[in-house]
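Open the model in your viewer and keep the selection panel at hand. The tour moves from one selection to the next.

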Amino acid sequence: MNERILVVDDDGMSLRLLRRVFDKAGIESRCCQSGAAFRAWLEEGEVPDLFLLDVHMPDASGFDLLRLIQTDPVCRNVPVVFLTGDEDVKTETAGLHAGAADFIRKPFAAEVLLKRVRNTIELNRLHRDMAQEIRVKTERLARAYIQIVQALAASVDAKDKYTHGHSSRVAAYSREIARRAGFSEQELDSVYMMGLLHDVGKIGISDAIINKPGRLTDEEFAVIKTHPAVGAEILGKIDDLPELRLGAHWHHERWDGRGYPDGLKGEAIPEVARIIAVADTYDAMTSNRSYRALMPRERVRAEIERCSGSQFDPRFAAILLDMIDEDTDYTMREV
Ligand SMILES: [Fe+2]
């Protein structure tokens, strides 16, 4: 495809010369002879491969036009080359600092002009293609990351006959609580991941204990209570995401300090673990278990309210209570 260049120069002779050079080289060029003509052209919404701007014109300077281009929604990534009769190094330095890609002095040698213009266009294309490739690859990696975490969470849930979709629901409830608490988009993604992985330590607990109908013995309960530390150890191996283990490690801590594994109290418990704690208990009550069916909405609500300030951080319990109150059809449960 032919390169397309927009030239702005108030000197008619110079424009004619440039046009001849570009025509001969098979480059499409359009010319504007004033700042006003350029502004009108910009309104049309066309996108060239390069702008070639004279620095001094009666109604505008090349710098003014450069600023216009840089704020234009469709042309802002098109490279700008200045064309000038100035011998002044200061103008050249200022132009390059302002974001011009190159500076060509008049009078110019046609061959040098063409080479520099083509180099600038090629460099800009490479840069654009590379940025696009990085964007596509980054998005694909982010999707794969979520899917791997979801697969891991599903494999944890599959160990337990009675907790279908538990991790995904806890992740979704935790994300919503955090959203209402004012967390940023990036923090919400992180809360969601930690919610998905909060029970990953159950991978290390025997299926016989996890699926045992009826009450657990003290020894069995002691084994179950190791899952936060096991989860923290597993996730602690992911050096690049050190925060990922917070939910797994401390989601069984209590606001009053009577939880496990470390008996952390109040704000000493990471915020995300306090959020997951309330979401986790909510999902346990609103899911069917081997020993009982899911509980009625009013009883769940009363239980969350009763444990606010003892088991749960009152701030996050209050948010969950709001969510329960809005969920009049009781859709926030295992289906
Ligand atoms: Fe747990």
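Which residue in β3 is the bridge partner of Val7? Select Leu52: this is the residue in β3 that bridges to Val7.

Some ground rules before moving on. The model is predicted: local features need pLDDT of at least 70, side-chain atom pairs count only at pLDDT 80 or more, and totals for chains, interfaces and linings use all residues. Residues are numbered from 1 along each chain as its sequence is written.

**Stop 1: the sheet**

Strands pair here if DSSP finds at least two bridges between them. Strands are DSSP runs of E with at least two residues, helices are runs of H or I with at least four, and both are numbered from the N terminus.

Now show the whole sheet. It is open, has 5 strands in parallel pairing, and runs in the order β2-β1-β3-β4-β5. Color β2 (28-32) and β5 (102-105): these are the edges, each with a single partner strand, so one side of each has no neighbour in the sheet. From one strand to the next, the twist averages 20°.

**Stop 2: helix α3**

Axes are lines fitted to C-alpha atoms, for helices over the stretch in contact, and angles run from 0 to 180 degrees between N-to-C directions. Contact means C-beta atoms, placed from the backbone, within 7 Å.

Pick Gly62, Leu65 and Ile69 in α3; they are buried. They cover an arc of only 60° around the axis, which puts them on the same side of α3. That arc is taken over the directions from the helix axis to the C-beta atoms. The cover over the buried residues of α3 includes β1, α2 (35-43), β3 and β4. Buried means 20 or more other C-beta atoms within 10 Å of the residue's own, exposed means 12 or fewer, and partly exposed lies in between; the C-beta atoms are placed from the backbone.

**Stop 3: Asp86**

Go to the loop between β4 and α4 (89-98), where Asp86 is found. Asp86 counts as partly exposed, with 15 C-beta neighbours inside 10 Å. Leaving aside neighbours within four places in sequence, Asp86 is in contact with Val55 and Thr91. Asp86 and Val55 are 31 residues apart along the chain, yet 8.6 Å separates their C-alpha atoms.

**Stop 4: backbone exceptions**

Most residues other than glycine have a negative phi, and most peptide bonds are trans. Select Pro107, in the loop between β5 and α5 (110-159). The bond from Lys106 to Pro107 is cis, with omega near -5°. Next, take Pro261, in the loop between α11 (245-250) and α12 (271-285). A cis peptide bond joins Tyr260 and Pro261, with omega about 10°.

Then jump to Tyr330, in the segment after α14 (314-326). Its phi is positive, about 55°, although Tyr330 is not a glycine. Tyr330 is partly exposed, with 13 C-beta neighbours inside 10 Å.

**Stop 5: the whole chain**

Zoom out. The domain assignment, automatic or from a database, gives domain 1 (4-132) and domain 2 (162-326). Their centres, over C-alpha atoms, are 60 Å apart. Along the principal axes, the C-alpha atoms fill a box of roughly 95 × 35 × 35 Å.

Terms used:
Contact = placed C-beta atoms within 7 Å.
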